[in-house]
Amino acid sequence: MTKEEIIKVIKKNILENLEEIDENEIDINKSMKDYGANSLDIIEVVSCSMRELKIKIPRTELAEINTIGQLADKFLEHAE
Amino acid sequence: MKNALSFSLADFFFNDSPDVLSPPSDFEEWMNDPRTQECFGFFEQQLLSAPKSSTEILSNLEGKPKKVINLTSYNYLGLSFHPEVIQAAIEGLQKYGLGASGAPLLSGTLDLHAKFARMLADFKQKEDCILFSSGLAGNLGIMQGILRKGDLLVLDEKCHKSVIDGGTLSGARMQFFDHNDTEHLAQILDKNKDKRILVAVDGVYSMDGDLPNLPEIVKICDLFPDVRIYIDEAHSTLIFGANGRGVAEYFGLEDKIGISFGTLSKSFGGVGGFVCSNAKIIRYLKGYASSYSFSCASSPPVVAGLIKALEIATRDSTLRDKLWENTHYFKKNLQDLKLDLGNTESQVIPIIIGSSGELLFEMARDVQKKGLFLLPIDFPAVPATSRRFRISVSSQLTKDEIDKACNIIEDSIAKRLKKK
Ligand SMILES: Cc1ncc(COP(=O)(O)O)c(C=O)c1O
C-alpha cells in the first residue's frame, strides 16, 4: 500500500462525512478541523478509513496527530 | 494480543462480525487478555452497603468483602441516606407504592411530581421545570426537544456525553470549542450567524472539577441577540452559590442562562434529572422530549425523598459549608503532596498521573488494597496524556477519614510519581 492510496481513502471518507467540501479543496497539510470537522466526525473518518485499509491502530496512538498527512503516515507505518 | 494495554474501548466501536449479536472478534480477544481483565476488574465492584464515606465493597482484587474509605461515590452531601430523606421516602412508598404506572403526560404525574417540579423552578428562580427519570434522559430530552436539523449546538469539548448524545438525536449540527476557549467560541458563533444556536457548558466539568469561564462566555454570547446559553449544573447544584443554586448563581449570571439542567443523582442523593427555563419552552419541551413523554414518571418514593432532600439542603447551609470545609482541607493536603490536581475549583478533584496506563493501574491496585475506594479513570474518558484518579469529596467525610485517605494516596500514588 502506498501513501497515495491511503490518502485517497482518507479523502473519500472526509467527503462522505463532512458537508460542503470539495475534493480539490483538501490540503493534506491541514487538519480535518480546518474543514469544519468536530471530534465525532474525526473519529468517524479515522475509523472508516482504518476499516477500509484493514489496519487497527489504538486510538491512544493517534492523540498527537494534527494533519491529514500525518494520519496517512501513521497508517502507512501499520500497513502491510 | 501483543499490546492489549494500548487498546481501549475507543477501538472496538465498529463491528464487522456478520451476526449483530456477536461483538467484534478482536474485542473478545482483548477482553479476555489477562491485562485487560485486570483493568476491568475495577469496574462494577459491588457496594455491600450505602454509598457512605466509609462503606464496604466486594473487592474484585481480593475476591472478598473489604471495608473502604469511599472517595468515588458522588454523594456530595450524604443526602441519599439522611434519616429525614429515608423517612420521607418510606412515607411516599407507603402512600403511593413503588411506581407511577404512567407516562407524565398521561397518568404518571402525581401531586408529588408537580410539587417537586414547582419547588425546583422556584429554587432555580426560573418560571417552570420539567422532571426526567434520569439526568441522561434530561439531557437527551432537552436537546432533542428544542433543537432541529439545521440548528447548531455549540459545546465546550468537555461537555458530558449525555449532551452530545442529545445533540446527535436532535439532528442538529454540533461544533465543539476548545475547553473554555472563548475566542474559539466567538469564531464559531461569528461564522454561523444565520443559524439558530444553543451554546452548552457545564457548571463543573465532571472529569476535571473546573468551572466554565461564564463571565466571558456570557459576554460573547451577548453579542449575538439570538444565541442562548444552556448550563449543565449536575455537579454544582446545591454546592455553588450563596444559596446553592449553582455556578450561574456563583457568578451572578443566572438571568443570562436560558436553560438550566440539573441531576438528582449527585448532591440530591436520589435519581432523576430536571430542566428549568421559561414556561413556554418547558410546555413545548413536554410535547417533544421523548424521554419525558414516552417514559414512565419517576418512582414516587424517590420523589418524596428528593423533596425532603431539597428542603434539607436549602433550609440552611450546614451541609454545603461542611462540604467546602472538607474540600479545602482535602485539597490543601493533596497540594502538600505536590500532586497535579489540574485546575479544580470544586469538590471534584482529579489526581492527574500522566500517560502511563500501567502506572495508573498499578497505583489503583495498591490504593484499593490499602483500603481506599478511589477508581482510576482511563482513556477514552479522559485524554491519553492525562490519565487520572478522581476524588468526589463528600460533606460526610471526617477529618480522620481524609487524613487516612491522604496517607494512602501519599504511599501509593505520590511516592511512585516521585520515583518516576
Ligand atoms: C455533567 C453531567 N451531566 C449529566 C450527567 C447524567 O446524570 P445522571 O447520572 O443523573 O443520569 C452526569 C453524570 O453522570 C454528569 O456528570
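## Reading a helix crossing and a chain interface

Analyst: Let's start inside chain B of this predicted model. Helix α6 (residues 135-146) of chain B and helix α7 (residues 161-170) of chain B have axes that come within 7 Å and cross at roughly 35 degrees.

User: Is the crossing of α6(B) and α7(B) left-handed or right-handed?

Analyst: The two helices make a right-handed crossing. On the α6(B) side, L136(B), N139(B), L140(B), M143(B) and Q144(B) make the contact. The α7(B) side brings S162(B), V163(B), D165(B), G166(B), G167(B), L169(B) and S170(B).

User: What classes of residue does the contact of α6(B) with α7(B) have?

Analyst: Sorted by class, there are six polar, five nonpolar and one charged residues.

User: Thanks! Now the chains: how much area do chain A and chain B bury between them?

Analyst: Interface size is often expressed as the accessible area that is lost when the parts come together. Here chain A and chain B bury about 1,500 Å², with 53% of it on carbon and sulfur atoms. Of the area that chain A buries against chain B, 36% comes from R51(A), K56(A) and T60(A), more than from any other three residues. In residue terms, 18 residues of chain A touch 21 residues of chain B.

User: How many salt bridges are found across the interface of chain A and chain B?

Analyst: The rule gives three salt bridges there. One to look up is formed by the side chains of K56(A) and D26(B), at 3.0 Å from N to O. Ten residue pairs are in polar contact between the chains. By class, the side of chain A that touches chain B has eight charged, five polar and five nonpolar residues.

Technical notes
Residues numbered from 1 in each chain as written. Chains lettered and ligands numbered in written order. Predicted model: local features only at pLDDT ≥ 70, side-chain atom pairs only at ≥ 80, totals over all residues. Heavy atoms only, no water. Contact = heavy atoms within 4.5 Å. Buried area = accessible area lost by both parts, 1.4 Å probe. Salt bridge = Lys/Arg side-chain N within 4 Å of Asp/Glu carboxyl O. Polar contact = N/O pair within 3.5 Å; in protein donor to acceptor, adjacent residues only side chain to side chain. Nonpolar A, V, L, I, M, F, W, Y, C, P; charged D, E, K, R; others polar. Axes fitted to C-alpha atoms, helices over the stretch in contact; angles between N-to-C directions. Helix = DSSP H or I, 4+ residues; strand = E, 2+ residues; numbered from the N terminus. Left-handed = near helix turned anticlockwise from the far one by under 90°.
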